[in-house]
Amino acid sequence: MASSGPEERVSGLDPASGESSRSWPAASSSGAGLSWRSLPSTQSEEEAEADPLPAQYPSHLGAVPGRDKVALYCDRLLRGCKVTCKPPQSTSSNFKASVSVAEPFSSNIANIPRELVDNVLEELDHCVPLLEVYPVEGQDMVVFDIAQALEVVRFFYDFLWRDWDDDESCETYVALIEERIKLWCDIENGTIPAPIGQRFRKNLEKYKNMHLELIQYQSNIKEEPTAEEAVECWKKYYELVMLCGLLKIWEDLRLRAHGPLMPRILRRRRGHRDDRKAVTHIVAKTMTAEMVKDFSVETQLQQHDNLNLALDSCYSGDNVVIFPGEYRAANLSMLTEDIIIKGAGRPEEIVIVSEPTHESFVVSKAQNVKLMHLTLVQQGTVDGIVVVESGHLTLVNCVLKCEGTGVCVLTGASLTITNSEITGAQGAGVELHPGSTAILEGNKIHHCNNFKTSETSQCALGGINIKVVAVPKLKMKNNHIYSNNGYGVTILQPTDQLFTTGGILEFTASGDAEEDTLSKLMHELSLEMNSNTLDDIKGLSIVNN
């Protein structure tokens with residue numbers, strides 16, 4: 001039957017042939033699924049209220065370890081199979097199951113009319129997609145086996161199958177499936193931060209829908225396409241190719257802690273004004289004389305009640321002064337000018353919340369950007385709360401409340417954080433990519449979530465995560481890293497060895513070479529640590545990448 005959500009299912013259907021007393025599921029045009037039950041007929045079709053719907057068979061794949069999933073799909077089901085991907089022409093081209101209503105009539109929708117169910121099934125010609133069949137409990141082992149088989153097939157098409165796989169050989173295809181199973185496990189167990197995993201699933205579903213739209217658009221062109229139709233067709237195709245390429249990159253990189261950035265329009269750098277004069281932008285709902293009394297008479301002021309408009313008006317050299325309140329600004333994700341953004345008050349009084357519709361919060365590509373006396377609250381965005389793509393970014397007396405990943409410094413960029421607080425990151429509080437530079441002084445980094453780097457090595461990435469090719473540079477002084485960060489500093493090195501020493505610095509090593517190896521690695525990393533406090537954590541960890 002047609003429904004408005006994944007919980008609206010009608011149960012109690014027999015095979016259309018009527019040859020079996022076993023009941024079969026009702027249809028759901030929204031993809032919500034179907035439910036089965038097998039009970040003796042004790043109610044009339046005219047009875048108004050439906051019986052309660054029995055519980056759906058619980059998922060068994062969710063509890064299956066990753067290695068057993070690999071054995072199931074790669075060793076038992078797909079090994080030696082020929083890969084042929086034929087995209088569906090429409091959603092109706094899937095395998096179908098013939099269904100009809102069984103007795104007693106059951107539903108989890110209160111007081112749903114039986115007549116409505118019959119009408120919907122009639123419109124569907126009593127056929128529903130096979131993968132929308134969800135058996136319910138209380139059946140015999142035959143139905144239980146069918147429920148498990150449907151779940152195995154459904155998981156394959158939902159997460160493992162890609163329409164671009166038809167170019168792969170059998171051996172390569174099995175290896176791809178194994179990697180995708182590992183990717184799914186990493187998303188489920190938290191190795192990949194939840195917002196990043198959600199973005200991957202969202203874009204995978206978007207790709208499937210776009211591909212189907214392209215096929216349907218092409219099939220609706222009956223004759224020679226017009227110029228407009230040809231252009232639209234190529235547009236849809238290249239959008240699909242771009243998204244396909246992004247998904248492939250994600251699968252290759254495994255989304256460890258910071259997935260590749262989504263394609264976006266980059267803002268062109270303006271530079272300084274022609275007269276080289278700087279403007280101070282006041283951000284407040286209303287401006288009073290008291291607010292500006294401390295500015296010199298030569299200061300050029302512009303008042304904005306919207307932070308987004310203030311940022312859009314900036315040239316290099318400008319200052320943005322934000323008065324107490326809560327603000328949103330999508331333009332923080334496109335910082336290309338050398339500006340200072342500072343709060344006029346305590347950090348907790350000036351709160352900037354991310355735009356949930358944007359995947360980035362603060363992204364800096366300028367040569368020199370400074371954020372001061374602000375609280376940044378990440379909601380809905382999935383990239384790092386602050387991403388330094390190039391140039392230098394300075395954070396002074398700021399509070400960063402992360403929901404996705406923490407502060408990310410990409411290759412060639414640099415970061416300075418002073419007297420600030422980072423909390424709540426899914427992954428490391430600060431992540432340094434190869435060739436980056438960071439100076440951290442007087443900061444608190446805490447309650448950053450842990451996740452495993454693999455099924456066999458349970459190493460939390462902790463407060464600070466350093467990727468060692470080419471070596472980044474990190475200077476730390478008077479920082480406090482504590483509470484649920486795992487290790488304080490994690491160094492990911494591209495070697496086949498894992499080193500360990502006892503005490504506050506924990507690595508794994510063998511022989512007498514551990515001290516020399518540690519000393520050499522510290523020297524090569526340009527890692528300087530003075531007067532830092534590491535509480536309720538494991539210290540410094542060096543792990544394989």
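Where is the place of His 126 in the chain? It is in the loop between α2 (114-123) and β5 (127-129), and point 6 comes back to it.

1. Ground rules. This is a predicted model, where local features need pLDDT of at least 70 and side-chain atom pairs count only at pLDDT 80 or more, while totals for chains, interfaces and linings use all residues. Residues are numbered from 1 along each chain as its sequence is written, and side-chain values use heavy atoms, with hydrogens and water left out.

2. The chain as a whole. You have nine helices and 31 strands here; both are DSSP runs numbered from the N terminus, with helices being H or I of at least four residues and strands E of at least two. Of the 545 residues, 47% count as buried. On that scale, buried means under 20% relative accessible area, exposed over 50%, and partly exposed in between, using a 1.4 Å probe and protein chains only. The chain exposes about 26,600 Å², with carbon and sulfur atoms supplying 51% of it; accessible areas come from the Shrake-Rupley method with a 1.4 Å probe, and for residues only the protein chains shown count as cover. Take the contacts (heavy atoms within 4.5 Å) with a separation of 6 or more: residues 24 or more positions apart account for 66% of them.

3. Aromatic pairs. A search of the whole structure turns up eleven aromatic pairs. One of them joins Tyr 73 and Phe 155, a tilted pair at 5.8 Å centre to centre with 40° between the planes. That pair links distant parts of the chain, since Tyr 73 is in helix α1 (residues 66-77) and Phe 155 is in helix α3 (residues 141-160), 82 residues apart. Tyr 73 is buried at 2% relative accessible area, and Phe 155 also counts as buried, at 11%. Then there are Tyr 157 and Trp 161: their ring centres are 6.0 Å apart and their planes sit at 55°, so this pair is tilted. Tyr 157 is partly exposed at 39%, whereas Trp 161 is buried at 18%. For the cut-offs, rings of Phe, Tyr and Trp (its six-membered ring) pair if their centres lie within 6.5 Å; planes under 30 degrees apart are stacked, over 60 edge-to-face, and the rest tilted.

4. A cluster, and charges over rings. Tyr 73 and Phe 155 turn up again in one aromatic cluster, together with Phe 159, Trp 184 and Phe 200. Arg 162 lies over the face of Phe 159, 5.9 Å from the ring centre. Elsewhere, the charged end of Lys 236 sits over the ring of Tyr 217, at 5.6 Å from its centre. To qualify, NZ of Lys or CZ of Arg must be within 6 Å of the ring centre and within 35 degrees of the ring normal.

5. His 281. Worth a look in the viewer: His 281 is in strand β7 (residues 279-283) and is buried, with a relative accessible area of 0%. A polar contact of 3.1 Å joins its side chain to that of His 304. The term covers a pair of N or O atoms within 3.5 Å; within protein, one must be able to donate a hydrogen and the other to accept it, and residues adjacent in sequence count only if both atoms are side-chain atoms. Leaving aside neighbours within four places in sequence, His 281 is in contact with residues including Arg 273, Gln 302, Cys 314 and Asp 318.

6. Positive phi. His 126, from the opening question, has phi near 55°, a positive value in a residue other than glycine, and is partly exposed at 25%. Arg 276 has phi near 65°, again positive and not a glycine. Arg 276 is in the loop between α6 (227-253) and β7 and counts as exposed, at 60%.

7. Cysteines. How many disulfides are there? The count is zero, with a disulfide taken as a pair of cysteine sulfur atoms within 2.5 Å. For Cys 448, the nearest cysteine sulfur is that of Cys 402, 6.3 Å away. Cys 448 is buried at 0%, and Cys 233 counts as buried at 17%.

8. Met 476. This residue is in strand β26 (residues 473-477) and is buried at 1% relative accessibility.
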